[in-house]
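Here's a quick tour of a predicted model. We'll start with how the strands pair, then zoom out, then stop at one residue.

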Amino acid sequence: EEDKDFGISKPRLRVGTVPGLATEPFNYVLSRELYTAMTRCTLEWVKCPSDLDAVGAMLQAGLIDLLLLSSGEAPMQLAA
């Protein structure tokens, strides 16, 4: 088993979600922690604030790698 991974650590993927009814499906799936069995990467769930300016700052600072949103306006708000 030690020979298989050669001591190389798995990449980390930090996935952020915001509170709200529109993102509840994402939050539910992540809250079940089904991602813990992933063998290719380590997934960390980051619960972001509802303030999209703060979430944009988190993305720019590298605190999260991927943001799951279902709103059509959010990408435009984050890009500004």
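Strand S1 (residues 12-17) and strand S2 (residues 42-47) run parallel, with 6 bridges joining them. Strands count as paired here if DSSP finds at least two bridges between them. One of these links involves Gly16, whose bridge partner in S2 is Val46.

Numbering starts from 1 along each chain as its sequence is written, and side-chain values use heavy atoms, leaving out hydrogens and water.

Zooming out, the protein reads α-β-α-β-α-β-α along its sequence. Helices (H or I, at least four residues) and strands (E, at least two) are DSSP runs, numbered from the N terminus.

| Item | Value |
|---|---|
| Helices in the protein | 4 helices |
| Strands in the protein | 3 strands |
| Buried share of the protein | 25% of the 80 residues |

Now for Arg14, found in strand S1. Is Arg14 buried or exposed? Its relative accessible area is 17%, so Arg14 is buried (buried is under 20%, exposed over 50%, partly exposed in between, with a 1.4 Å probe and protein chains only). Leaving aside neighbours within four places in sequence, Arg14 is in contact (heavy atoms within 4.5 Å) with residues including Glu44, Val46 and Leu63.

Methods: Predicted model: local features only at pLDDT ≥ 70, side-chain atom pairs only at ≥ 80, totals over all residues.
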